[in-house]
Amino acid sequence: MLMLQTLPWPTWEANAAGENTRVNVAFERMFQFSAEDLRGNGWKALLHPDDFDDYVFSWSGAVRDRRDFDYPLVRFRSRDGHVWPVHVTAYLACSGRALGHECSSC
């Protein structure tokens, strides 16, 4: 966890319900929201209004189906209104993946 927290690029983590549980310092700096601001469903404040519905629909499907998520271009807005194009890739984490194989319990 400490290694993820200190990476120079933004990282985040979500729970099994798709709610944000962690962002690293680089994420907080880039988007100008604190980890607490983004906790739970607070991350939705980052989404550009034109991308909101499709992104949330896609993310919710990945969470529901318990599968990895890839979204090639979504626009995140920082607190000061800057729009950042972001390629989001999220991987389902489980003990089986950590061992290098797919996990049937995930």
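**Close-up views of the predicted model**

**View 1. Lining of the largest cavity.** The lining of the largest cavity divides into ten nonpolar residues, two polar and one charged (Ala, Val, Leu, Ile, Met, Phe, Trp, Tyr, Cys and Pro count as nonpolar, Asp, Glu, Lys and Arg as charged, and the others, Gly among them, as polar). This is a predicted model, in which local features need pLDDT of at least 70, side-chain atom pairs count only at pLDDT 80 or more, and totals for chains, interfaces and linings use all residues. Residues are numbered from 1 along each chain as its sequence is written, and side-chain values use heavy atoms, with hydrogens and water left out. The structure holds one cavity of 30 Å³ or more, and the volume of the largest cavity is about 130 Å³. Trp12, Asn20, Trp43, Tyr55 and Phe76 are the closest to its centre among the 13 lining residues. Two or more lining residues come from each of β1, β2 (20-23) and α4. On a 1 Å grid over the protein atoms alone, a cavity is a set of points where a 1.4 Å probe fits but cannot get out, and a pocket is an open set with protein on both sides within 12 Å along at least five of seven lines; lining residues have an atom within 4 Å of a point. Points are joined across faces, edges and corners, and a volume is the space filled by probe spheres set on them.

**View 2. The largest pocket.** The volume of the largest pocket is about 790 Å³. Of its 30 lining residues, Trp12, Glu13, Ala14, Ala90 and Tyr91 are the closest to the centre. At least two lining residues come from each of β1, α2, α4, β3 and β4, and β4 gives the largest share, five residues. By type, the lining of the largest pocket has 21 nonpolar, four polar and five charged residues.

**View 3. Helix α4 and what covers it.** Helix α4 (residues 52-65) has 14 residues and reaches 20 Å from its first C-alpha to its last, close to the 20 Å expected (1.5 Å times one less than the number of residues). Its buried residues are Tyr55, Val56, Trp59, Gly61 and Ala62 (buried means under 20% relative accessible area, exposed over 50%, partly exposed in between, with a 1.4 Å probe and protein chains only). The cover over these residues includes β1 (12-14), β3 (69-77) and β4 (83-90). After α4 comes Arg66, with a positive phi near 55°. Helices (H or I, at least four residues) and strands (E, at least two) are DSSP runs, numbered from the N terminus.

**View 4. Tyr55 in the largest nonpolar core.** The largest nonpolar core has 20 residues, and Tyr55, Phe69, Val74, Phe76 and Val88 have the most contacts inside it. At least two residues of this core come from each of α2 (25-31), α3 (35-38), α4, β3 and β4. Such a core is a set of buried Ala, Val, Leu, Ile, Met, Phe, Trp, Tyr and Cys residues joined through side-chain atoms within 4.5 Å. Leaving out residues up to four places away in sequence, Tyr55 touches Trp43, Leu47, Phe69, Tyr71, Val74, Phe76 and Val88 (contact means heavy atoms within 4.5 Å).

**View 5. Surroundings of Phe27.** Phe27 lies in helix α2 and is buried, with a relative accessible area of 4%. Residues up to four places away in sequence aside, Phe27 touches Pro10, Thr11, Trp12, Gln32, Leu38, Leu46 and Phe76. The C-alpha atoms of Phe27 and Thr11 are separated by 6.2 Å, although these residues are 16 apart along the chain.
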